Amino acid sequence: MEFQPRAPREGINVSHEHPLKEASILIVGLTMVIGIAAVVLVFFVDLVVTVIPAEAEARALSSWIPDNLDLLSGEKQERVEQLVDRLASHWPECPYTFRVGVFGADQPNALALPGGLILVTTKLLEDVESENELALVLGHEIGHYRDRDHIKIFGRSFALSLLLAVTLGRSSQGLELGTQVTGLAVNSFSREQESKADQVGLALVQAEYGHVADSWKFFERMAAEENDLTRLTTYLSTHPASGDRSQRIRQIAEENGWPLEGPITPWQSSEE
């Protein structure tokens, strides 16, 4: 039989699927792979960081301060640190020597960082109307240290930032984007962690003052100032809304029989 050459059929190596459909399948598949890798990575990190003794963490990071953080000094910072020390004295087995850093910010906030570094914003110190209010906020942060919440969040954020940086590229832009995404995803404590930290903080306030009077007032004022959009986004986030939080704090006090009335210590400074 004589061979008869012929041209290949048209479109023999061309997919019959629409290019957009193929791209969508590829994107969905890649997203699932990254998601599964992230879940496995978070689980592994949680196991690793909880194995590290708190004493070892405290020693290794006793002088660590995040880069590009302009901390303020003065009487106000010293008074906050003294208050933290007083509260921490009611946690006898505490492995940390707490340090306090004050930095300028437009939002009231406090953060628990590895090594015993508690950061507070100048706006928080301006907004609290009594030492009792500030004591609960600081006691709450100490509560995160007791349950090692802070080191879990730090480990997750670092690991996921590296994962996204590798996925998006090893460039500085990829690492920066990875840091921003993971900051939104994991730099929040769960509702359970927040509730436990509130219980610890309130117990420290009770131990320090013999009552918990007005310690929740800061959250009540925040709730009154929140607009509807803020309430919605807060509700959908992992943090409880301020109004719900103040109610829960009073409920914790009543359940433990802690007095809701008592003398209030003013928060004031000669710097103000």
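**Hairpin, sheet and helix packing**

Student: In the hairpin of S2 and S3, which residue takes a positive phi?
Tutor: Glycine 115, with phi near 90°. The hairpin has 3 residues between its strands. Strands (E, at least two residues) and helices (H or I, at least four) are DSSP runs, numbered from the N terminus.

Student: Where do the coordinates come from?
Tutor: This is a predicted model: local features need pLDDT of at least 70, side-chain atom pairs count only at pLDDT 80 or more, and totals for chains, interfaces and linings use all residues. Residues are numbered from 1 along each chain as its sequence is written, and side-chain values use heavy atoms, with hydrogens and water left out.

Student: Back to S2 and S3. Parallel or antiparallel?
Tutor: Antiparallel, over 4 bridges. Strand S3 covers residues 117-121. Two strands count as paired if DSSP finds at least two bridges between them.

Student: Which residues in S3 partner leucine 111 and leucine 113?
Tutor: Leucine 111 bridges to leucine 119. Leucine 113 bridges to leucine 117.

Student: What's the strand order in the sheet?
Tutor: S1-S3-S2, in an open sheet of 3 strands with mixed pairing. S1 (99-103) and S2 (110-113) each have a single partner strand, so one side of each lacks a neighbour in the sheet. The twist averages 20° from one strand to the next. For such angles, axes are lines fitted to C-alpha atoms, for helices over the stretch in contact, and the range is 0 to 180 degrees between N-to-C directions.

Student: Which strands does H3 touch?
Tutor: S1 and S3. Helix H3 spans residues 75-88, and its direction makes about 145° with that of S1. Contact here means heavy atoms within 4.5 Å.

Student: And which strands does H5 lie across?
Tutor: S2 and S3, running at about 25° to S2.

Student: At what angle do H3 and H5 cross?
Tutor: Roughly 65°, with the axes coming within 10 Å. On the H3 side, the contact includes Leu83, Val84 and Leu87. On the H5 side, Leu134, Leu138 and Ile142 are among the residues involved.

Student: New topic. How many residues are in the largest nonpolar core?
Tutor: 41. Phe98, Val120, Leu134, Leu138 and Ile142 have the most contacts inside it. Helix H5 (residues 131-146) gives the most to this core, with 7 residues. A nonpolar core is a set of buried Ala, Val, Leu, Ile, Met, Phe, Trp, Tyr and Cys residues joined through side-chain atoms within 4.5 Å.

Student: What does isoleucine 142 contact?
Tutor: Val84, Leu87, Ala88, Trp91, Phe98, Ile118 and Leu204, leaving aside neighbours within four places in sequence.

Student: Histidine 140: buried or exposed?
Tutor: Histidine 140 counts as buried, at 4% relative accessibility. Buried means under 20% relative accessible area, exposed over 50%, partly exposed in between (1.4 Å probe, protein chains only). Histidine 140 sits in helix H5.

Student: What does histidine 140 touch?
Tutor: Glu194, Ala197, Asp198, Gly201 and Arg245, not counting residues up to four places away in sequence.

Student: How many helices and strands in the protein chain?
Tutor: 11 helices and 3 strands. Of the 272 residues, 38% count as buried. Among contacts between residues at least 6 apart in sequence, 72% join residues at least 24 apart.
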